[in-house]
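Me: Could you pick one chain and take a close look at it for me? I'd like a single connected walk-through, please.

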Amino acid sequence: MHLANKTAFPITILVADDDPEDRMLAEEALQEARLANDIRFVKDGEELLDYLKHRGNFADPESSPRPGMILLDLNMPRKDGREALREIKAEPDLRTIPIIILSTSDADEDILRSYNLGASSFITKPVTFDGLVKVMLALKMYWFEIVALPGDKG
Amino acid sequence: MKDSIPITILMADDDAEDRMLAADALDEARLTNDIRFVEDGEELMAYLKRQGRYANADDAPRPGMILLDLNMPRKDGREALGEIKADPDLRTIPVVILTTSDADEDILRSYNLGAASFITKPVTFAGLVKVMLALKSYWFEIVALPKQ
């Protein structure tokens, strides 16, 4: 059977979230879901773009391996997720990275705008840890077992 | 957040047998949505823009998701995807590529053009049912879709 969707190497998942507790919960939930990837964190849209463009604190490319997927919060200081999403999708080099919005918001306007700006999916953060683990398990099942990511077979 | 009205899934595939298998697999996966089929990129765009035989909105309910084959005659999936994502009215509809191809170039180009996901069609029916089950659990139970 041709396992076209299996990654040959664990991809980097980049999580952008301004809340330190939410970052910690995300990390724990990813571990609980056995998403045994390289997980990196940034805390706002500015840091996110710096990471992706290897600028500032992330000038050394080894400190900022290209992510295979981005989990993006919307409400962040300095530069919010909406603005960061717009910028990333405008960059030919970055636009192919699937971006999944993971936000406390469930507002129709935020959902619609995220898809309009090119997000692959929009997920409202569950309020419980179990719910968050369920989301991470779903991400694992869908994005790493069914879907082919760009650069999967790299 | 959950819509009470099940969304319409629009599938574009030029192969009659593949369309039938997809319908069977969706059924097997207990996806109770309204499934519509078109056979190529021209028909797909006519459906979405409510032109020609799709001029009546009742014949072409706006889909909440598109499953898109790449290799189709008249207008292929790549071109249709480009047009859909360039259209302010249509670009918010998630498009999932469902194709026999597993070529890196097709994968990369699809994401570049704005596809939400790229899935290579499994060769077995059981595999296809697994894909439909995954689509159902991810897109209809976890993800929030835009209200179209």
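Predicted model: local features only at pLDDT ≥ 70, side-chain atom pairs only at ≥ 80, totals over all residues.

Reply: **A close look at chain B**

In chain B, strand 1 (residues 8-12) and strand 3 (residues 63-68) run parallel and are paired over 5 bridges (strands pair at two or more DSSP bridges; strands are DSSP E runs of at least two residues, helices H or I runs of at least four, both numbered from the N terminus). Residues count from 1 along each chain as its sequence is written, chains are lettered from A and ligands numbered from 1 in the order written, and side-chain values use heavy atoms, with hydrogens and water left out.

Zooming out, that pair belongs to an open, parallel sheet of 5 strands in chain B, ordered 2-1-3-4-5. Strand 2 (34-38) and strand 5 of chain B sit at the edges with a single partner strand each, so one side of each has no neighbour in the sheet. On average, neighbouring strands of this sheet are turned by 25° against each other, ignoring direction (axes are lines fitted to C-alpha atoms, for helices over the stretch in contact, with angles of 0 to 180 degrees between N-to-C directions). Lying across strand 3 and strand 4 (95-99) of chain B is helix 3 (residues 77-86) of chain B, which runs at about 180° to strand 4 of chain B.

Now for the side of chain B that touches chain A. Chain B puts 30 residues into the contact and chain A puts in 32 residues (contact is heavy atoms within 4.5 Å). Between them the chains bury about 2600 Å², with 60% of it on carbon and sulfur atoms (buried area is the 1.4 Å-probe accessible area lost when the parts are put together, summed over both). Tyr111(B), Tyr138(B) and Ile142(B) account for 25% of what chain B buries against chain A, more than any other three residues.

What about charges? Across this interface, the rule picks out 1 salt bridge (Lys or Arg side-chain nitrogen within 4 Å of an Asp or Glu carboxyl oxygen): Lys147(B) meets Asp108(A) side chain to side chain, at 3.2 Å from N to O. For comparison, the whole structure has 26 salt bridges over all chains.

On chain B's side, the elements giving two or more residues are helix 4 (104-113), strand 5 (117-120) and helix 5 (125-141) of chain B. Helix 5 of chain B gives the largest share, 7 residues. Sorted by type, chain B's side has 20 nonpolar, 5 polar and 5 charged residues (nonpolar: Ala, Val, Leu, Ile, Met, Phe, Trp, Tyr, Cys, Pro; charged: Asp, Glu, Lys, Arg; polar: the others, including Gly). So much for chain B.

Methods: Buried area = accessible area lost by both parts, 1.4 Å probe.
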